[in-house]
Amino acid sequence: MAETLELTVGERTVRVSHPDKVYFPQRGLTKADLVRYYLSVGDGVLRALRDRPTTLERYISGVEGDSFFQKRAPKNLPGWIPTGRISFPSGRYADEICPTEVAAVLWAANLGTFTFHPWPVRRGDTEHPDELRIDLDPQPGTDFSDAVRAAQELRDVLDGLGLTGWPKTSGGRGLHVFVPIAPEWTFTQVRRSAIAVARELERRAPERITTAWWKEERGEKIFVDYNQTARDRTIASAYSVRPFPHAPVSAPLRWEELTEVAPADFDLVTMPVRYAEVGDLHADMDEHAFRLDAALDLADRDEREHGLGDLPYPPEHPKMKGEPKRVQPSRAKKDAQD
């Protein structure tokens, strides 16, 4: 068994320890396979992570072992990997790694990082997101095809608001759609825009799409997880490997191919082949910076004309002004009866 593997990446040499360690037993895939995978899609994954404070989801013993999310940069971080300071809802802060080279991605993969969770901000301005991220999450009784149908309707909603989205698989059963935006709005305003988009989707297909935060109210629908735009909530980056036995990855897609693919088509083995053929389908995202004025206007109309204000935040967030009670509906009903 090889003790180390050295890979030259640009001007860097990345040392991979215990490259033969099996990370995905079902497929016989090793740490070396993981690191070489990220090298094969290097420009694409770096485009998704460049200058973004990034949380590392690490599986030191492989997919069947324990895992943890590393928000603060590791103590052994090389000097050539920069960091960005982000603040949490609690008011505390952390310095997270901000990859600027493909070698930084490989360095993190050597630590057992499967999935990269970048913030929707750049290290130069960590208070103003430059991406509106929409998470279409299939609930029990629904599947990827239902998420695809919702995404097609989402595309039409975005178009009506002067926005364009870039879709990708989540690596699970769902879909993510990222909209590059001008970094002029706060996290609260971006989340408000996401809620407005989600509510418009729900209006168009209430039997199939929901904004209900409480699981007991969602039913067999696609949940538009608006809280993925809340501060300190992140979404797996494009090309990230997801922690499932078959080693799936989050795959950028063309809108036109949504109905032709399945999440299982894209994994640690097949994605390098696809990438070599089509390149990074999200490569031009950074050439755009859309505005949220129309989405925020829609949010204002929802509140003014329909009485639709804020929705619950995640449990770790402090209570926000205008937020409804953060109590499970069945529990609130029981308390009222008591």
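1. Which residue takes a positive phi in the hairpin of β1 and β2? In this predicted model, the residue is Gly-10, with a phi near 60°, and the hairpin has 2 residues between its strands. Strand β1 covers residues 4-9 and strand β2 covers residues 12-17, and the two pair in the antiparallel sense over 6 bridges. Within that pairing, Leu-7 stands opposite Val-14 in β2.

2. The two faces of β1 can be told apart by what covers them. Leu-5, Leu-7 and Val-9 make up the covered face, whereas Thr-4, Glu-6 and Thr-8 make up the uncovered one. As background to this pattern, side chains in a regular strand alternate between the two faces of the sheet.

3. A reader new to the structure may next turn to the open sheet of 5 strands, whose order is β11-β12-β10-β14-β13 and whose pairing is mixed. The edges are held by β11 (166-169) and β13 (209-210), and each of these has a single partner strand, so one side of each is left without a neighbour in the sheet. Helix α5 (residues 187-204) packs on the sheet, where it touches β10, β13 and β14 (222-224), and the direction of the helix makes about 40° with that of β10. Inside the sheet, strand β10 (residues 131-138) pairs with strand β12 (residues 175-180) in the antiparallel sense over 6 bridges, and Leu-132 stands opposite Val-179 in β12.

4. Strand β11 pairs with β12 in the antiparallel sense over 4 bridges, and the bridge partner of Pro-167 in β12 is Val-177. The hairpin of β11 and β12 has 5 residues between the strands, and in it Gly-171 takes a positive phi near 95°.

5. The side chain of Ser-170 reaches the backbone nitrogen of Gly-172 at 2.9 Å. Leaving aside residues up to four places away in sequence, Ser-170 touches Leu-175, His-176, Arg-242 and Ser-250.

6. Two residues in the loop between β14 and α6 (270-278) call for attention to their backbone angles. Most residues other than glycine have a negative phi. Asp-232, which is found in that loop, has a positive phi of about 70° although it is not a glycine, and Tyr-239, which also has its place there, has a positive phi of about 75° without being a glycine. Asp-232 is buried, with a relative accessible area of 15%, and Tyr-239 is buried as well, with a relative accessible area of 2%.

7. What does the side chain of Glu-57 make polar contacts with? One partner is the side chain of Tyr-59, at 3.0 Å, and another is the side chain of His-117, at 2.7 Å. Glu-57 has its place in strand β5 (residues 54-58) and is buried, with a relative accessible area of 6%. When residues up to four places away in sequence are not counted, Glu-57 touches Phe-68, Phe-69, Gly-112, Thr-113, Phe-114, Thr-115, His-117 and Pro-243. As for its placing relative to helix α5 (residues 187-204), Glu-57 and Val-197 are 140 residues apart in sequence and 29 Å apart in space, taken from C-alpha to C-alpha.

8. The last point concerns empty space inside the model. Rolling a probe the size of a water molecule over the atoms shows where such space is left. How many cavities of 30 Å³ or more are there? The count comes to 2, and the largest cavity has a volume of about 40 Å³. The lining of the largest cavity is formed by Arg-47, Ala-48, Pro-118, Glu-131, Lys-168, Phe-178, Ser-237, Ala-238 and His-282.

Key: Residues are numbered from 1 along each chain as its sequence is written. This is a predicted model: local features need pLDDT of at least 70, side-chain atom pairs count only at pLDDT 80 or more; totals for chains, interfaces and linings use all residues. Side-chain values use heavy atoms; hydrogens and water are left out. Two strands pair if DSSP finds at least two bridges between them. Contact means heavy atoms within 4.5 Å. Axes are lines fitted to C-alpha atoms, for helices over the stretch in contact, and angles run from 0 to 180 degrees between N-to-C directions. A polar contact is a pair of N or O atoms within 3.5 Å; within protein, one must be able to donate a hydrogen and the other to accept it, and residues adjacent in sequence count only if both atoms are side-chain atoms. On a 1 Å grid over the protein atoms alone, a cavity is a set of points where a 1.4 Å probe fits but cannot get out, and a pocket is an open set with protein on both sides within 12 Å along at least five of seven lines; lining residues have an atom within 4 Å of a point. Grid points are joined across faces, edges and corners, and a volume is the space filled by probe spheres set on the points. Buried means under 20% relative accessible area, exposed over 50%, partly exposed in between (1.4 Å probe, protein chains only).
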